[in-house]
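Please look over the sequence and the model shown here before reading on. The report below is meant to be read alongside them.

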Amino acid sequence: NFSQVTEFILLGLSDNRELQIFFFTIFLLAYAMVLLGNLLIIVTVRTDPKLSSPMYFLLRNLSFIDICCTSVTSPRMLVDLLSQRKTISFGDCVAQLFFLHFVGASEMFLLTVMAYDRYVAICKPLHYTVLMSRQVCWVLVAACWAGGFLHSLVQTLLTIQLPFCGPNTIDSYFCDVPPVIRLACTDIYVTEWLMASNSGLISLVCFLVLVTSYTFILVTVRVRFTEGHWKALSTCGSHVMVVTIFFVPCIFIYLRPFSTSPSDKHICVVYTVLSPVMNPLIYTLRNNEVKASMWKLWKRQR
């Protein structure tokens with residue numbers, strides 16, 4: 001594509017050395033929590049036969065996606081925080097952009113599937129075993145990954161066809177579509193709107209489907225005051241928290257013409273660092289079955 005740029009310079013979150021060390025400490029702890037917390041969930045769900053329902057099958061897949069998602073950005077960010085010159089090659093930048101959107105979109109679709117699972121469990125309990133059989137769950141998870149791949153492929157192809165001839169400074173801590181395509185030395189108006197409609201609409205549509213599902217659940221729970229429904233509602237409450245933390249920043253970043261606002265990179269921290277940290281905390285601390293299974297797993301290992 002006649003690009004002359006072979007590498008990009010990442011400005012990171014701050015050029016203050018003390019702040020960089022502070023961020024390194026916080027993000028290293030966050031990354032460790034993501035890895036340990038989600039791996040613990042995966043092992044617990046995998047080893048406890050009592051956690052064989054579709055909800056926990058989907059939760060295990062969500063934990064795996066969270067590990068992948070944060071591993072796309074966090075390791076390089078941690079290295080760059082201790083480096084004087086923060087550079088990334090053109091190929092590595094494109095690869096990071098591809099995998100970020102691949103796992104990010106897959107997580108959006110999976111969260112939507114999890115909301116559908118709760119909707120069926122509460123609103124159509126008699127049909128739950130049929131509508132959410134193990135075969136159906138595998139098909140839905142595969143569809144999530146396939147949808148994420150197609151979304152990311154479109155974003156990546158639209159990016160690499162642009163010519164980059166300078167400047168090569170990205171005001172962020174990772175390569176993403178908005179800051180990268182702003183560096184192209186050509187008119188990006190059409191490309192910008194195509195990308196915004198792709199990422200932004202996916203975020204918005206998934207979010208609206210989630211809100212609709214939880215609205216139906218709330219209406220159903222108001223009518224049926226049973227212990228089982230209140231337990232399911234508690235689970236939905238944690239889902240809503242995850243959804244809000246993850247989707248709102250994504251919609252803000254992608255569902256508009258891409259800007260170069262310095263605040264955007266700080267908003268990105270919410271869904272690249274904070275959201276993967278919150279998932280294992282919310283799904284363990286607010287779920288008695290998972291906590292009990294983890295405790296049994298701990299006692300078996302002693």
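## Basis and overall make-up

This is a predicted model, in which local features need pLDDT of at least 70 and side-chain atom pairs count only at pLDDT 80 or more, whereas totals for chains, interfaces and linings use all residues. Residues are numbered from 1 along each chain as its sequence is written, and side-chain values use heavy atoms, with hydrogens and water left out.

The chain holds 10 helices and three strands, where helices (H or I, at least four residues) and strands (E, at least two) are DSSP runs numbered from the N terminus. Read from the N terminus, the order of these elements is β-α-α-β-α-α-α-β-α-α-α-α-α. Of the 302 residues in the chain, 51% are buried; buried means under 20% relative accessible area, exposed over 50%, and partly exposed in between, with a 1.4 Å probe and protein chains only. Among contacts (heavy atoms within 4.5 Å) with a separation of 6 or more, 80% are between residues 24 or more positions apart.

The three strands make an open sheet of mixed pairing, in the order 2-1-3; two strands are taken to pair if DSSP finds at least two bridges between them. Strand 2 (87-89) and strand 3 (169-170) are the edge strands, each with a single partner strand, so one side of each has no neighbour in the sheet. Strand 1 (residues 7-10) and strand 3 run parallel and are joined by two bridges, and I9 has T169 of strand 3 as its bridge partner.

Helix 3 packs on this sheet and touches strand 1, strand 2 and strand 3, its direction making about 85 degrees with that of strand 2. Such angles run from 0 to 180 degrees between N-to-C directions, and the axes are lines fitted to C-alpha atoms, for helices over the stretch in contact.

## Nonpolar cores

A nonpolar core is a set of buried Ala, Val, Leu, Ile, Met, Phe, Trp, Tyr and Cys residues joined through side-chain atoms within 4.5 Å. The largest has 53 residues, and F27, L58, L110, F247 and Y271 have the most contacts inside it. Among the elements that give two or more residues to this core are helix 1 (17-47), helix 3 (90-123) and helix 9 (263-285), and helix 3 gives the most, with 11 residues.

Apart from this core lies another, of 20 residues, including F8, L10, V177 and I181. F27, with neighbours within four places in sequence left aside, is in contact with L13, M77, L78, L81, V269 and V273.

## Annotated spans

An unreviewed UniProt entry carries the annotation "transmembrane region" for spans including residues 98-116 and 201-221; UniProt positions are given in the numbering used here, feature names are shortened, and annotations may be inferred rather than shown by experiment. Residues 98-116 are 100% helix and 0% strand, with end C-alpha atoms 27 Å apart. Residues 201-221 are likewise 100% helix and 0% strand, and their end C-alpha atoms lie 30 Å apart.

Q96 lies in helix 3 and counts as buried because its relative accessibility is 6%. The side chain of Q96 reaches the backbone nitrogen of C175 at 2.7 Å. Not counting residues up to four places away in sequence, Q96 touches V72, T73, R76, I88, F174 and C175.

I160 lies in helix 5 and, at 33% relative accessibility, counts as partly exposed. I160 and F90 are 70 residues apart in sequence, and their C-alpha atoms are 9.6 Å apart in space.

Note on methods. Polar contact = N/O pair within 3.5 Å; in protein donor to acceptor, adjacent residues only side chain to side chain.
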